[in-house]
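Hi,

Here is the structure I promised to pass on.

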Amino acid sequence: MKKTANILAIRTRAAQEAIASKENSEPKNKSDKKSKNVGLLLEAVNDLANASAFNERDKKDKVSERLDSAGKNVTLFLVNELHVKPSDIAMFTILKTVLSEDDEDE
């Protein structure tokens, strides 16, 4: 759980920086920053989903609720503000899971 918490803290900072840079971005560098932000936020969604899955218990607790809420909020930001398709978010998560399973098999 400590490792997951550290990863989530890093991803949270990345998400905050992504939001801040979106608000302060200049038009000429907008596409470069947007692609970097999307990647960081996709990683955050994936990490939040993994943390939520590993935290599952028989009943919902506050940690699960907060993880799920954070994941939904980041996903909504990706879709509504950065115009990422929900299918692309899902595909990223699936590919990330498959690739990590391949790494574990080797």
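Lys 96 comes out as partly exposed, at 30% relative accessibility (buried is under 20% relative accessible area, exposed over 50%, partly exposed in between, with a 1.4 Å probe and protein chains only). Its partner is Glu 43: the two form a salt bridge, with the closest N and O atoms 3.1 Å apart (the criterion is a side-chain nitrogen of Lys or Arg within 4 Å of a carboxyl oxygen of Asp or Glu). Glu 43 is buried, at 17% relative accessible area. The pair ties together distant parts of the chain, since Glu 43 sits in helix H2 and Lys 96 in helix H4, 53 residues apart. A search of the whole structure turns up 1 salt bridge.

Before you go further: this is a predicted model, where local features need pLDDT of at least 70 and side-chain atom pairs count only at pLDDT 80 or more, while totals for chains, interfaces and linings use all residues. Numbering runs from 1 along each chain as its sequence is written, and side-chain values use heavy atoms, with hydrogens and water left out.

On confidence, the average pLDDT is 75, and 61% of the residues score at least 70 (pLDDT is the predictor's confidence in each residue, from 0 to 100). Where pLDDT is low, the predicted coordinates should not be read in detail.

The fold has 4 helices and 0 strands (DSSP runs numbered from the N terminus: helices are H or I with at least four residues, strands E with at least two). Of the 106 residues, 27% are buried.

Now the inside. The largest nonpolar core has 13 residues, and Val 38, Leu 41 and Val 74 are among those with the most contacts inside it (a core is a set of buried Ala, Val, Leu, Ile, Met, Phe, Trp, Tyr and Cys residues joined through side-chain atoms within 4.5 Å). H2 (30-55) and H3 (62-80) each supply at least two residues of this core, and H2 gives the most, with 6. Beyond its neighbours within four places in sequence, Val 38 is in contact with Leu 78, Leu 82 and Val 84 (contact means heavy atoms within 4.5 Å).

And the outside? Leu 99, in helix H4 (residues 86-105), is exposed, with a relative accessible area of 53%.

Cheers
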